[in-house]
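Hi,

Here is the structure I promised to pass on.

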Amino acid sequence: MKTFCGRANPTTGAVDWVEEGEEYDYHQEIARSCYADMLHDHDRNEKYYQGIRAAVARVKARGEKAIILDIGTGTGLLSMMAVTAGADYCYAVEVFKPMATAAQSIVEKNGFSDKIKIINKHSTDVTVGPDGDMQMKANILITELFDTELIGEGALPSYEHAHHNLVQEGCEAVPHRATVYAQLVESELLWSWAQLQEVEVEGTRLVPPPAVGHCSGAHAVCDIQLSQVSPHSFNPLGPVCTMFSVDFSKPVSSAPQSHSSQFAAHHGGRAQVVLSWWDIDMDPSGTIVCSMAPSWSYPQQKTAPWRDHWMQSVYFLPAESKVTEGEELSMTVCHDDYSLWYSLQTHSQQNSHSEAPPSRPCCTCQAHLVWTRPRFGELNDKLRTESYVSALRSVLREDSVCLGVSDGSLLPVFAHTLGAKKVFSLENSRMSKQVIEQVLEANSMKGGVELLEIRAEQLSSNDLGGELISVLMGEPYFSTSLLPWHSLYFWYCRTALAGLLRPDVTILPCSATLHMVAVEFQDLWRIRAPCGTCEGFDVTPMDEMVQQSLDFHESREAEPHPLWEYPCRALTQSKAVMTFDFTQCVPQQPIISQGSLPLIRSGRCHGVALWMEYNLTNDITVSAGLIGPFSKQGDCEWSRHRKQGVYFFRSAWDSSGDSRASVSYNFTFEPSLGDIKMDFSVDSE
């Protein structure tokens with residue numbers, strides 16, 4: 001049996017369906033999973049262990065046998081904790097077959113096979129009875145079914161089914177309850193991820209389409225490391241509100257519900273965004289708490305545990321509204337069985353009439369389907385926009401014929417505003433084309449840019465009205481790009497368009513450079529580091545399974561990460577290791593770059609960060625990676641708009657910082673693939 005997997009193809013700007021072996025899918029699932037991150041989360045593990053010990057003790061105190069149902073057992077860690085705490089038997093349910101196999105190995109390796117049964121099923125398919133998967137119903141329910149939004153992995157339906165079918169009435173539960181918190185804020189930074197903002201070009205004010213401003217936006221949660229958003233980036237308009245709790249020891253409903261919290265506004269401002277997180281009480285008394293609160297909410301002397309499997313959520317209100325200090329407000333959260341959404345009512349709205357809870361938001365303007373949240377932020381970045389406008393201003397003439405090659409880009413609108421004779425734009429989809437049409441119409445520029453829903457290699461002179469292109473421009477941005485260098489699709493488009501370009505054509509950007517720096521991650525290393533022993537249990541079969549999956553298919557690849565969320569220190573200087581000259585066509589032969597960078601700072605070198613910089617003109621450059629110099633300690637400041645590439649070393653290297661050791665690199669750009677193969681090693685004298 002074969003599996004078809006989508007893979008970005010930088011030579012075509014499309015996602016190709018590539019045939020892989022039947023094992024490929026789950027190897028990818030394992031390789032990119034958060035299992036290692038969870039095993040490294042000592043706070044989570046410790047709190048679960050404490051809660052499990054307490055639950056087993058309460059059952060034993062009643063003179064009962066402790067029978068465990070562990071749903072979503074993963075490595076079997078929580079079941080092993082339960083047996084160690086005195087549980088008589090555990091039924092450990094894991095639907096993902098490779099994970100269930102690893103759990104079986106781990107349970108056997110730790111000597112618990114006689115007391116833990118691994119059941120490779122979805123919990124809703126588990127049977128109870130003499131011939132069933134479970135001989136009897138459990139009296140302790142242990143689960144780890146949560147995601148950043150708490151309920152996004154189907155926790156509520158799983159609990160609902162378990163209480164009806166798999167556990168005894170009045171059972172103990174670990175965790176015992178979960179509580180969701182939310183805070184209403186005003187934030188120019190965060191709001192820029194949800195709404196297109198006005199921009200001024202040469203004295204002309206470009207406004208967003210009304211349909212975009214009135215749209216409630218994309219429904220999917222925005223999950224981020226909120227600890228990396230400075231408190232200076234938002235204005236809290238109200239207190240942290242307790243929105244609702246779920247008691248997991250009692251029957252749970254997955255039916256849609258809504259909950260409201262009333263408060264007086266602490267400050268006046270524009271209500272735009274809701275910040276949300278949750279905590280779990282591992283025991284009924286609430287003395288064992290595992291919290292997802294961002295670090296800036298902690299007292300100064302405490303450090304928030306780092307975790308990537310559970311982060312924090314940002315919800316964008318359907319529309320911003322002005323609130324005044326002291327105004328009575330009501331914030332409502334609604335949820336179905338998998339997701340949450342928020343709304344805000346003022347005192348007058350609360351009293352006017354009793355409305356039904358707001359329905360789940362959905363995008364009606366199409367812009368939120370075309371532009372991701374980081375893309376909204378990029379389009380709203382005034383400094384970045386000024387760089388592009390300045391570059392365009394320096395190359396445009398009254399007779400300029402411009403062609404834009406980027407997905408859902410405003411560059412063609414800027415070129416028209418700056419007085420280009422004719423502007424064309426290639427759009428990759430009907431929806432993208434319609435969004436740019438809305439922008440043009442909102443600014444009385446209908447027809448000012450001719451939008452062509454056609455691929456670069458299909459473009460003909462007739463499509464351009466017989467004109468030759470004098471300015472070929474791109475950001476470049478393509479929605480199918482995963483890694484930084486996938487935007488080199490612009491180069492392939494430029495090559496395909498060679499016959500339609502004037503001899504003195506201006507290409508903007510004229511070139512791009514690939515940059516690298518060797519780094520020490522503060523925490524991100526945990527997602528790839530083997531665990532070995534976790535809370536006293538040997539989980540090496542899990543480490544081996546993850547490594548086998550990483551090795552399964554071109555293991556030594558970079559992976560995309562938004563590094564602004566993951567602090568790191570530079571241990572070398574940054575270096576431009578490869579240049580791509582867009583004024584020339586894509587070469588036939590590979591481009592090869594080799595060299596080394598001395599390790600000039602002490603620390604643990606976990607890998608290499610990679611990003612692209614675009615030289616719009618000879619003196620204007622836009623970076624999709626580092627956006628400022630390193631601090632003295634090597635701290636890095638990264639662009640929030642694009643993901644960077646991260647190449648993790650198989651094992652970290654301890655750098656003394658005396659330049660005696662260096663990171664050697666070998667890059668090969670394969671024109672036929674549009675991809676970059678890379679290899680690194682650390683060499684010492």
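Before the sheet, a word on terms: two strands pair if DSSP finds at least two bridges between them, and strands (E, at least two residues) and helices (H or I, at least four) are DSSP runs numbered from the N terminus. Keep in mind that this is a predicted model, where local features need pLDDT of at least 70, side-chain atom pairs count only at pLDDT 80 or more, and totals for chains, interfaces and linings use all residues. Residues are numbered from 1 along each chain as its sequence is written, and side-chain values use heavy atoms, with hydrogens and water left out.

Strand 3 (residues 67–71) and strand 4 (residues 89–93) run parallel and are joined by five bridges; Ile-67 has Tyr-89 as its bridge partner in strand 4.

Then the aromatics. Rings of Phe, Tyr and Trp (its six-membered ring) pair if their centres lie within 6.5 Å, with planes under 30 degrees apart called stacked, over 60 edge-to-face and the rest tilted. The whole structure has 27 such pairs. One of them is Trp-277 with Trp-296, edge-to-face at 6.1 Å centre to centre and 85° between the planes. Trp-277 sits in strand 15 (residues 269–281) and Trp-296 in the loop between strand 16 (289–291) and strand 17 (312–323), so the pair ties together parts 19 residues apart in sequence. Trp-277 is buried at 6% relative accessible area, whereas Trp-296 is partly exposed at 23% (buried is under 20%, exposed over 50%, partly exposed in between; 1.4 Å probe, protein chains only).

Elsewhere, Phe-146, Tyr-159, Phe-248, Trp-278 and Trp-310 make up one aromatic cluster. Finally, Arg-53 lies over the face of Tyr-49, 3.8 Å from the ring centre; the criterion is NZ of Lys or CZ of Arg within 6 Å of the ring centre and within 35 degrees of the ring normal.

Cheers
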